[in-house]
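Subject: A structure for you to look at

Hello,

Here is the structure I promised to pass on. Please open it alongside this note, and I will walk you through what turned up.

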Amino acid sequence: MSLSGIDLETPLKFAYWVPNVSGGLVVSTIEQRTNWEFEYNRKLARIAEDSGFEYALTQTRYAASYGADKQHEATSFSLALLMATERLKVISAVHPGMWHPGVLAKFIITADHLSGGRAAVNVVSGWLKDEFVNFGLEWLEHDERYVRTEEFINALRGLWTQKEYSQSGKYYTISDFTLNPAPLDVPGRPHPEIFFGGNSTAAQAAAGRTADWYFSNGRDIEGFKENIAGVLAAAQDGRTAPAAPRFGLNGFVIARDTEKEAQDTLREIIAKAHRPAVEGFAAAVKEAGQSTKDGKGMWEDSTFEDLVQYNDGFRTKLIGTPEQIAERIVEYKKIGVNLFLTGYLHFQEELEAFGRDVLPIVRELEADLARKNGTELRTDLLPVTRHDGAARHRADLTGADLAGANA
């Protein structure tokens with residue numbers, strides 16, 4: 001495999017899904033020792049930053065869906081997590097159709113100042129039609145949602161980086177507007193990072209032109225290579241972002257002592273799937289990939305088993321022993337993945353275990369890969385961790401925390 005053009009010097013980055021919605025990350029009646037409330041998430045965020053994670057992503061959901069009957073709003077929850085941590089960057093998921101870009105830009109600037117430059121956004125074009133329609137908001141057809149999203153991202157970046165910013169578009173018109181203060185001046189970061197997700201042709205094109213980071217649902221290696229190629233092709237034509245796009249991939253982690261144990265856990269998750277909720281989710285996501293003109297997009301070919309983890313996290317196959325998972329992760333690095341967005345059954349315990357058991361192997365494999373290709377891994381770019389952090393937070397795990405399964 002040719003690794004020409006692949007950044008082998010920069011260490012992979014790791015993020016986790018914030019469980020700020022109830023029910024956990026799989027639509028199954030299997031035990032999930034997790035909790036959607038703030039206290040659990042505060043402890044989880046501290047474990048994460050002590051374990052080598054650089055990012056956390058809050059979910060945006062307004063209505064009950066796929067078994068999640070309770071939800072905390074993403075931007076306010078993100079701000080609370082920023083205030084509870086020291087180094088973790090927290091990404092707020094937002095819908096353009098529910099925010100004006102000027103209002104969001106101002107909110108993120110404030111969060112950025114309060115957190116010392118750690119606020120970021122994930123712009124989600126939207127797929128749950130009922131949330132928009134029942135709020136009385138306009139519901140756009142699939143590709144048109146990405147037209148609006150592209151204008152939204154351009155407005156965010158313009159308001160963060162320019163004085164007297166103006167923009168005249170189909171969905172947003174801004175005239176000579178200056179936001180003061182501007183976001184914090186963070187070395188290596190021109191403005192708060194803008195993540196953007198979607199697997200469709202329209203999503204890849206919009207990401208290639210505007211986003212700092214492109215997020216994808218879980219994909220196998222060949223599938224994600226296609227996504228990367230689509231984004232990079234669009235980036236060659238009129239890119240407005242200040243640097244080349246980077247790539248993040250969703251993966252649900254099941255790390256066990258043996259491969260059999262991990263595969264048995266996966267089979268149990270699927271065997272105990274909440275069928276009505278999964279089937280309802282499958283019907284709702286027809287507004288995503290299956291509604292595109294070319295039939296390409298999120299959940300376009302997802303099976304029932306895939307949808308039990310509602311962002312196709314099983315398809316990335318981070319399932320096995322720590323060694324197998326680390327090897328799989330580095331295979332993705334070879335095609336251009338820069339960040340993994342991870343989810344777990346039992347968040348506090350398993351995220352900590354990932355940092356302890358999987359990440360050291362990943363770093364060894366990354367270093368070896370770099371050396372074999374005539375360069376060195378930039379260990380100076382690795383996140384700062386506290387080696388005693390895991391022990392400190394293990395003491396925080398009370399019976400009440402662990403009793404939050406499927407809360």
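What is the mean pLDDT of the chain? The mean is 90, and 90% of the residues reach 70 or more; pLDDT is the predictor's confidence in each residue, from 0 to 100. This is a predicted model, in which local features need pLDDT of at least 70 and side-chain atom pairs count only at pLDDT 80 or more, while totals for chains, interfaces and linings use all residues. Residues are numbered from 1 along each chain as its sequence is written, and side-chain values use heavy atoms, with hydrogens and water left out.

One stretch calls for care: over residues 387–407 pLDDT stays under 50. Where pLDDT is low, the predicted coordinates should not be read in detail.

Now to the helices (DSSP runs of H or I, at least four residues; strands are E runs of at least two; both are numbered from the N terminus). Helix H3 covers residues 101–115 and reaches 21 Å from its first C-alpha to its last. That is close to the 21 Å expected at 1.5 Å a residue, taking 1.5 Å times one less than the number of residues. Its buried residues (under 20% relative accessible area with a 1.4 Å probe, protein chains only) include Leu104, Ala105, Ile108 and Ile109. Among the elements covering them are helix H2 (74–84) and helix H5 (142–161). Just after H3, glycine 116 takes a positive phi of about 75 degrees.

Helix H6 (residues 201–210) is mostly covered, with 8 of its 10 residues buried. H5 is part of that cover too, along with strand S7 (194–197), strand S8 (213–216) and helix H7 (221–235).

Leucine 339 belongs to strand S11 (residues 339–343). Why does leucine 339 count as buried? Because its relative accessible area is 0%. Its contacts (heavy atoms within 4.5 Å), not counting residues up to four places away in sequence, include Lys13, Tyr55 and Phe195.

Lys13 and Tyr55 come up again at the largest pocket, where they are among the residues that lie nearest its centre. A pocket here is an open set of points on a 1 Å grid over the protein atoms alone, where a 1.4 Å probe fits, with protein on both sides within 12 Å along at least five of seven lines; lining residues have an atom within 4 Å of a point. This pocket is lined by 32 residues.

Enjoy exploring!

Methods. Buried means under 20% relative accessible area, exposed over 50%, partly exposed in between (1.4 Å probe, protein chains only).
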